[in-house]
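Open the model in your viewer and keep the selection tool at hand. This tour goes stop by stop.

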Amino acid sequence: MTKHFTRPAATAAALTLSLALALTACSTSGESDGESSGGRAPGAGSAAALSHIHGIGLRGDSLYVATHQGVYTPDADGSPIPVGDRRDDFMAFTVTADGDFLASGHPAPGADGPADLGLVASTDSGRTWREKSLAGKVDFHALDTARDSTVYGYDSANGLLRVSADGVTWDDRAALRALDIAVSPADPATVLASTESGVARSTDGGRTFAPGAGRVLAYLSWGAPDALFGVDPDGVLFRGTGGGAGWTRVSTVPGGAPQALTVVDARRLFVATGDGVYASRDAGRTFERRMAVKAAGGGH
């Protein structure tokens, strides 16, 4: 039976603050489960201080984490190891069904190129990247892909959802203030957005959204038709029912306020919090830390 919870004013205020931070301009300045990530930089050393995690992805059994200083993967001890040699601020990150990486954000300090990356892609687990579209024009803060490979990107600077069939040509869809988006694995036209008034829903490919309502959540991820999860600004994890019509409390994620959420299937999910990336294999009831993070200054 679904439990119903009232929305505390403090939680709403926390998400409002998160949205305000997300919608302002950002700074422009290994081995996993016994398998090699295949993407370590030569001579990579011990754990680095990471100022903020913006996305989590899984390719095979290897975990990848997009941060303010590039993409990392955990070594056998759970310390973050840099992938490739790009230290860009990847504000949005997702792994497609084919295993390609898509990202957006800003180049590393001192790097050539425009201040906004647009959409960039990697086919070799983040070792190298290539520009796909919108360089110098868009800084996506959330990315997701549908089962038909449609790419959904939330352009935070303009408060606009953009949609592309190929990652090159884009349509402008609804204007809204959101922190995260999630596309239904069963229906490419159904999209959820976390807003300061609750979860907003679109059934027409993001052209229009019903007003946000119900549970106020910071991050959303829809890994399978029966695997919709959201986490609120306090780190409380909820499982969605009825395509997001209702939310059932599951647990509280360790490590404090959340920074990213990725759901793989009905049992496996990953949440980044202040001190690391946590994995669950039992639908969010329990967690173990997969990658330790030593916080550093900066971030959004």
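Leaving aside its neighbours within four places in sequence, which residues is Phe 287 in contact with? Select Phe 287 and look for Leu 237, Ser 251, Val 253, Pro 254, Leu 269, Val 271, Tyr 278, Ala 279 and Ser 280. Contact here means heavy atoms within 4.5 Å.

A note before moving on. This is a predicted model, where local features need pLDDT of at least 70 and side-chain atom pairs count only at pLDDT 80 or more, while totals for chains, interfaces and linings use all residues. Residues are numbered from 1 along each chain as its sequence is written, and side-chain values use heavy atoms, with hydrogens and water left out.

**The cores**

Phe 287 belongs to the largest nonpolar core, which has 16 residues. Such a core is a set of buried Ala, Val, Leu, Ile, Met, Phe, Trp, Tyr and Cys residues joined through side-chain atoms within 4.5 Å. Buried means under 20% relative accessible area, exposed over 50%, and partly exposed in between (1.4 Å probe, protein chains only). Now colour β19 (219–224), β20 (227–231), β23 (260–263) and β24 (269–273), the elements that give two or more residues to the core. Strands are DSSP runs of E, at least two residues, numbered from the N terminus. β20 supplies the largest share, 3 residues. Another core, of 15 residues, lies apart from this one; Leu 161, Ile 181, Val 191 and Ala 193 are among its members.

**Strand β9**

Select residues 101–106. Why is β9 largely enclosed by the rest of the structure? Because 6 of its 6 residues are buried. Phe 101, Ala 103 and Gly 105 point one way, and Leu 102, Ser 104 and His 106 the other.

Asp 89 stands opposite His 106. The two strands form a hairpin with 5 residues between them, and Gly 99 in the turn has a positive phi of about 90 degrees. Next, show β10. It pairs with β9, also in the antiparallel sense, over 3 bridges. Leu 102 has Ala 121 of β10 as its bridge partner.

**Asp 124**

Step into the loop between β10 (119–122) and β11 (130–133) and pick Asp 124. Asp 124 is buried yet has no salt bridge. That term means a side-chain nitrogen of Lys or Arg within 4 Å of a carboxyl oxygen of Asp or Glu. The nearest side chain of opposite charge, Arg 127, is 4.2 Å away; Lys and Arg count as positive and Asp and Glu as negative, with His and the chain ends not counted. What does the side chain of Asp 124 make a polar contact with? Find the side chains of Ser 122 (2.9 Å) and Thr 128 (2.6 Å). A polar contact is a pair of N or O atoms within 3.5 Å; within protein, one must be able to donate a hydrogen and the other to accept it, and residues adjacent in sequence count only if both atoms are side-chain atoms.

**Salt bridges**

The whole structure has 7 salt bridges. Select Arg 162. It bridges to Asp 155 at 3.0 Å and to Asp 172 at 2.8 Å, N to O. Arg 162 sits in β14 (residues 160–164) and Asp 172 in β15 (residues 170–175), 10 residues apart. Asp 155 is buried at 1% relative accessibility, and Arg 162 is buried at 13%. Finish at Arg 268 and Asp 265, a salt bridge of 2.9 Å. Arg 268 is partly exposed at 28%, as is Asp 265 at 24%.

Definitions and conventions. Helices (H or I, at least four residues) and strands (E, at least two) are DSSP runs, numbered from the N terminus. Two strands pair if DSSP finds at least two bridges between them.
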